Number of protein chains: 2
Amino acid sequence: MSATDRPLRIAEIFGPTIQGEGALIGLPTVFVRAGGCDYRCSWCDSLHAVDSAFRDSWAAMSSTEVWARVRDLSGGRPLTVSISGGNPAIQDFGPLIAMGRAEGYGFALETQGSVARDWFAELSMLVLSPKPPSSGQVPDWAVFDDCLRAGQGASAVVMKIVIFDDTDYAWARDVADSYPDLPLVLQPGNPEVDPAVPVAAQDVADRLLWLVDKVTAEGWFRPRLLPQLHVMLWGNRRGV
Amino acid sequence: MSATDRPLRIAEIFGPTIQGEGALIGLPTVFVRAGGCDYRCSWCDSLHAVDSAFRDSWAAMSSTEVWARVRDLSGGRPLTVSISGGNPAIQDFGPLIAMGRAEGYGFALETQGSVARDWFAELSMLVLSPKPPSSGQVPDWAVFDDCLRAGQGASAVVMKIVIFDDTDYAWARDVADSYPDLPLVLQPGNPEVDPAVPVAAQDVADRLLWLVDKVTAEGWFRPRLLPQLHVMLWGNRRGV
């Protein structure tokens, strides 16, 4: 194993399926979910990739091994690979991204913006998702700005904010004002995170409607409002 | 009334709400639906804007009047205006677009690509939506290519194809191959077009799942697959 091929902690690799949320919604994607996170959001819907209690379920895989799996799942046909977590930025995904790009694949990465990495510049899309008050986490904006700078070479940088309540919404408006040039997606939060509990598509729709009513009432036309489409399609089931 | 302000036939103007389909999904939008169409798709979900039996319900409005209404609905705050139909390209929306652009608004227009217009170049997004075999219509590809050329000055041109069945899907693959550079969205068809009949969000989700299974099984990773989100949110209700 070379110095550039240290093992990664991987919670799951699955796909191809469609991206269910954010600016790339609907795009065929293979997902690489990293294990481990520097945050503990109160409503985390991916605790299996965050809490070290699940650490035994994470695979230690070299970048070469992860790449082989992505390549196999996609039949060697280039597509977008989404790296999520947990917070994938606490690990070094630079080597994986370099391997995939060499074969024509693109990489999107989603992170809260708490750790900046040089290899953000190699992404086709960097999704910065600062966590709102309902998460119980407090963003470090100086580091967030470092992430923005690191991502300047990426093909696109977008901001996505999850909204659970009025407080989150007011916070999102302030944050958005501080970053007037970033494309912005707002996504209603999903209070049901147990994969065993069925989620009705209509419930997801209703939470989005609440958000639609808010922005249209205020005439705030900047953000795109998008649901977690995968939850509408598959509920909270994993691996789809 | 000036020579550039001839009346338009308008089926409805509504919003702001979010765009429910295509590349701008989730974006706050005011909709201007033009009355009249040169096509008669078998499954048309907007017959009230197509069939001349509904002509008496269409308003004759000058571009100035349409613009005043859009401005009023949006509170004078610039947003994206979506011009749809029917086929809006059979009328002259150039003056309306010029009025809106002068105040910072952007315009998206959706058309089957059967009539080319110089003012396509003034759009922020031209959506060309050639109709598949299930529609019973046959595209004139020479005119479609004229539309593409006319839209070269637009900020973006995308292709959207509605898919009802396997025949439509195979056709979409061929068409997509003929236009390798166009961003492509596939959208499952909605067989229920009666606004009085409730549509379950889950039914829309199931039709999208069928399409997800097809593209992933074939490894065709180019198109984005998106539902009619507004149907998931509001069923076939009009004016939302």
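**Chains, core and salt bridges**

Q: How many salt bridges are there between chain A and chain B?
A: Zero salt bridges run between chain A and chain B, where a salt bridge is a side-chain nitrogen of Lys or Arg within 4 Å of a carboxyl oxygen of Asp or Glu.

Q: Before I go on, what am I looking at, and what are the ground rules?
A: This is a predicted model, with local features needing pLDDT of at least 70, side-chain atom pairs counting only at pLDDT 80 or more, and totals for chains, interfaces and linings using all residues. Residues are numbered from 1 along each chain as its sequence is written, chains are lettered from A and ligands numbered from 1 in the order in which they are written, and side-chain values use heavy atoms, with hydrogens and water left out.

Q: OK, back to the two chains. How many residue pairs are in polar contact between chain A and chain B?
A: Six residue pairs, both residues at pLDDT 80 or more. A polar contact is a pair of N or O atoms within 3.5 Å; within protein, one must be able to donate a hydrogen and the other to accept it, and residues adjacent in sequence count only if both atoms are side-chain atoms.

Q: Which parts of chain A supply the side that touches chain B?
A: Strand 1, helix 5 (201-218), strand 9 (224-225) and helix 6 (229-234) of chain A each supply at least two residues. The largest share, eight residues, comes from helix 5 of chain A. Helices (H or I, at least four residues) and strands (E, at least two) are DSSP runs, numbered from the N terminus.

Q: And how much area do chain A and chain B bury between them?
A: About 2600 Å², with 72% of it on carbon and sulfur atoms. That's the accessible area (1.4 Å probe) the two parts lose on being put together, summed over both. A:Phe221, A:Arg224 and A:Leu233 supply 23% of what chain A buries against chain B, more than any other three residues.

Q: How many residues does each chain put into the contact?
A: Chain A gives 34 residues and chain B gives 34 residues, with contact meaning heavy atoms within 4.5 Å.

Q: Switching topic: which residues touch the most other members of the largest nonpolar core?
A: A:Phe93, A:Leu186, B:Phe93 and B:Leu186, out of 128 residues. A nonpolar core is a set of buried Ala, Val, Leu, Ile, Met, Phe, Trp, Tyr and Cys residues joined through side-chain atoms within 4.5 Å. Buried means under 20% relative accessible area, exposed over 50%, partly exposed in between (1.4 Å probe, protein chains only).

Q: What does A:Phe93 touch?
A: Leaving out residues up to four places away in sequence, A:Phe93 touches A:Leu8, A:Ile10, A:Val32, A:Ala34, A:Ile83, A:Pro88 and A:Trp119.

Q: Take A:Arg33. Buried or exposed?
A: A:Arg33 counts as buried, at 15% relative accessibility. A:Arg33 lies in strand 2 of chain A, and its side chain makes a polar contact of 3.1 Å with that of A:Ser46. Its contacts beyond four places in sequence include A:Glu12, A:His48 and A:Ser84.

Q: And where is A:Gly20?
A: A:Gly20 is in the loop between strand 1 (8-18) and strand 2 (28-34) of chain A. A:Gly20 is buried too, with a relative accessible area of 3%, and its contacts include A:Ile25, A:Pro227 and A:His230.

Q: How many salt bridges over all chains?
A: A search of the whole structure finds 18. One of them joins the side chains of A:Glu110 and A:Lys160, at 2.7 Å, N to O.

Q: What does B:Lys160 form a salt bridge with?
A: B:Glu21, with the closest N and O atoms 2.3 Å apart. B:Lys160 and B:Glu21 are both buried.
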